[in-house]
Amino acid sequence: MPRTPLDILRTVYGYDAFRGRQAEVIDHLRAGGDALLLAPTGGGKSLCYQIPALLREGPGVVVSPLIALMQDQVAALQQLGVRAAFLNSTLEPHEQAAVAAAYRAGDLDLLYLAPERLVREDTLDLLAATTPSIMAIDEAHCVSQWGHDFRPEYLQLDILADRFSGVPRLACTATADERTRVEIVEKLRLGDGNVFVTGFDRPNIRYLVAERSGGTSQALRFIRNEHPGQAGIVYCLSRKKVERVAAALSEAGLDALPYHAGLDKAVRTVNQKRFLHEDGVVIVATIAFGMGIDKPDVRFVLHLDMPAGLEAYYQETGRAGRDGLPATALLTYGLQDVVLRRRMLEDSDADDLHLRAERRRLESMLGYCELVTCRRQTLLRHFGDHLPEPCGNCDVCLSPPETFDATEAAQKLLSCVARTGQRFGAAYVVEVLVGSDNERIFRFGHDRLSTYGIGTELDRKGWRAVARQLMARGILTTDAEGIGSLKLTPAAQPVLRGETTLELRRDPMKAPKSTRKRRKQVLPEVLLDDNGGLADPEAAARFERLRELRLKLATEAGVPPYVVFHDKTLAAMAALRPRDEEALLQISGVGESKLERWGAAFLAALRDEHDLTGHEEARDDGGAGLF
Ligand code: ADP
Ligand code: ZN
């Protein structure tokens, strides 16, 4: 009997039903069509090419940008009983030859390659030795020259359309505003009408923006309070900061490791491996880290500097909570970010078109930071998605910011900038406004200005917040010389003339406190009652013991723990306590191959648990038990 996609989903992956548009995309590809699939990170894109590859004749070819990650992807597939391999420079020549031979002989279901490898003439010859079932291009937005992850070798992938004209191609990405979509379809020649978009919402990620304060102690507090002992990514803008923050966090007792392109390759590899293979490692990194990371149990992504734009931000935060369990994305942000980012733009030697794209990205990011409405609604709108109601899981929804009519305050600040000659930074201007007896002010004679000491309605912090928001809205800017002097833009005039009113948020922006307790422990919902409390403490304890077993088995097999089973699957085992193979197979995430490989060990562990708690069940049986 011919197998259907649903058969494969159930027997190989152990899942019950397709999600989003998976079934449609798979049917479309099986029928020979090309497609672009847009879905959020964790949205289940890989199944969309893996299943057609298993159903159609011939091996599937997957283009994936990061060599370092192919190994884990392939290991995970092998656990499912799929004949997968990768071809890259980390393999010895004889290993490469063996993979090539297996491909030729039709003994592979899936072959992973990096784009630069694929476009080599010898590789193209090899691939043509048999007809591939499907070609998948992962992280397809790398083809976009205006995007944030541009990779020139992606542009060459359009040859696949010529060389393998009968083979269906699937491009996948998690980042795609309208413009990038059009570009991908065009550059990769995917044809019209083949774009599949699934919802971009990641409801389990809590989106928070907080005002930056206190350097690394803020990061430390956040991790300790909200995600103790859990895996997370801390993003910083510079390599120096990465090293400083990683050192500070380690010193404070966290398992924190640095990652940036300036580190020795061996160190990078080890750090990445530890992050993937151990529980609860925090990686402190520049954006060099993360593309293609598919560790499902990253519990938080913390940005200590503002990213360049919303696409990058949403993609980076999307690395949290791929397993669907609660996760946090926190961005700390301050006046300094606005100054720094604007300066980077001024200093950039990019051409006009690129500069304009960069500027638009920055504006959208700043707008996001200063929002006084639901953050998720704005994020989703940016990606062409629509959320009808506020989400209830972002800082604005959880503790709505106070706003105030800041028209007069803005006028005072703007005229103070003008009167001091547009030569000073925010800190100085604020000192003048509050009438400080700073010696510099007297030296410049600014104590005689009409704006000296008129800022009685706000304190220094409040004034800095106004300055930041005026910058974010493009009413103020900073000089090109890079010393951070504030300047008025044309948009300042209507404010000064009283022609527009301004509603600003009253700082501080703080991460909502009320949620701390509830968030301390991240447990899959099968273990929770309706109020988010722990339904059965014994099940939770069992879950922890199953995790220990998983770590042991994973270490022995040399794979990350989640490759054995996801947290969700373990939790279901802990809650349902399957007694035999059949019951175990009913649990989501247990397919035939994993059952064969790991089933016995987990059943044995669960059986021990039954023995330990045998007296309870005896009671359930009507009291005719041992005790
Ligand atoms: P993406 O490539 O879109 O980031 P993945 O393909 O890695 O996402 O899928 C994310 C997780 O969701 C994986 O662990 C995957 O096994 C799981 N998954 C995918 N499809 C389904 C489904 N239909 N039911 C349950 N889990 C699924
Ligand atoms: Zn919200």
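Let me start with a term: a polar contact here is a pair of N or O atoms within 3.5 Å, and within protein one atom must be able to donate a hydrogen and the other to accept it, with residues adjacent in sequence counting only if both atoms are side-chain atoms. Okay, on to what you're looking at. This is a predicted model, so local features need pLDDT of at least 70 and side-chain atom pairs count only at pLDDT 80 or more, while totals for chains, interfaces and linings use all residues. Residues are numbered from 1 along each chain as written, chains are lettered from A and ligands numbered from 1 in written order, and side-chain values use heavy atoms, with hydrogens and water left out.

Let's begin with ligand 1. An oxygen atom of ligand 1 sits 3.3 Å from a polar backbone atom of glycine 43. Serine 46 is there too: an N or O atom in its side chain is 2.3 Å from an oxygen atom of ligand 1. And glutamine 22 has a polar side-chain atom 2.9 Å from a nitrogen atom of ligand 1. On its own, ligand 1 exposes 560 Å², and the protein buries 84% of that. Those areas come from the Shrake-Rupley method with a 1.4 Å probe, and for residues only the protein chains shown count as cover.

Who else is around? There are 15 residues around ligand 1, and Tyr15, Gly42, Lys45, Ser46 and Arg322 come nearest. A residue makes that list if one of its heavy atoms lies within 4 Å of the ligand. The shell splits into 5 nonpolar, 7 polar and 3 charged residues. Helix α3, residues 45-55, gives the largest share of the shell, with 3 residues. Quick note on names: helices (H or I, at least four residues) and strands (E, at least two) are DSSP runs, numbered from the N terminus.

Next, a helix on the inside. How many residues of helix α14 are buried? It's 8 of the 8, residues 310-317, so α14 is largely enclosed by the rest of the structure. Buried means under 20% relative accessible area, exposed means over 50%, and partly exposed is in between, with a 1.4 Å probe and protein chains only. The buried residues of α14 pack against β8 (205-211), β9 (232-235), β12 (300-303), β13, α16 and α17 (375-382).

One residue to look at here is tyrosine 207, in strand β8. Because its relative accessibility is 0%, tyrosine 207 counts as buried. Its side chain makes a polar contact with the side chain of threonine 317, at 2.7 Å, and Thr317 is one of the buried residues of α14. Tyrosine 207 also touches Tyr313 and Tyr314, among others, where contact means heavy atoms within 4.5 Å. And along the chain, arginine 375 is 168 residues away, yet the two C-alpha atoms are separated by 7.1 Å.

Now two serines. Is serine 133 buried or exposed? Serine 133 is buried, with a relative accessible area of 0%. You'll find serine 133 in the loop between α7 (121-128) and β5 (134-137). A polar atom of its side chain lies 3.2 Å from the backbone oxygen of glycine 58. Serine 450 is partly exposed, at 48%, in the loop between α21 (439-444) and α22. The side chain of serine 450 makes a polar contact with that of arginine 419, at 3.1 Å. Those two residues are 31 apart along the chain, with 8.6 Å between their C-alpha atoms.

Last bit: backbone angles. Most residues other than glycine have a negative phi. Arginine 189 has a positive phi of about 55 degrees, and arginine 189 lies in the loop between α10 (178-187) and β7 (195-197). At 38% relative accessibility, arginine 189 is partly exposed. Arginine 577 has a positive phi too, about 45 degrees, and arginine 577 is in the loop between α27 and α28 (581-585). Arginine 577 counts as buried because its relative accessibility is 16%.

Conventions. Nonpolar A, V, L, I, M, F, W, Y, C, P; charged D, E, K, R; others polar. Lists of a residue's contacts leave out its neighbours within four places in sequence.
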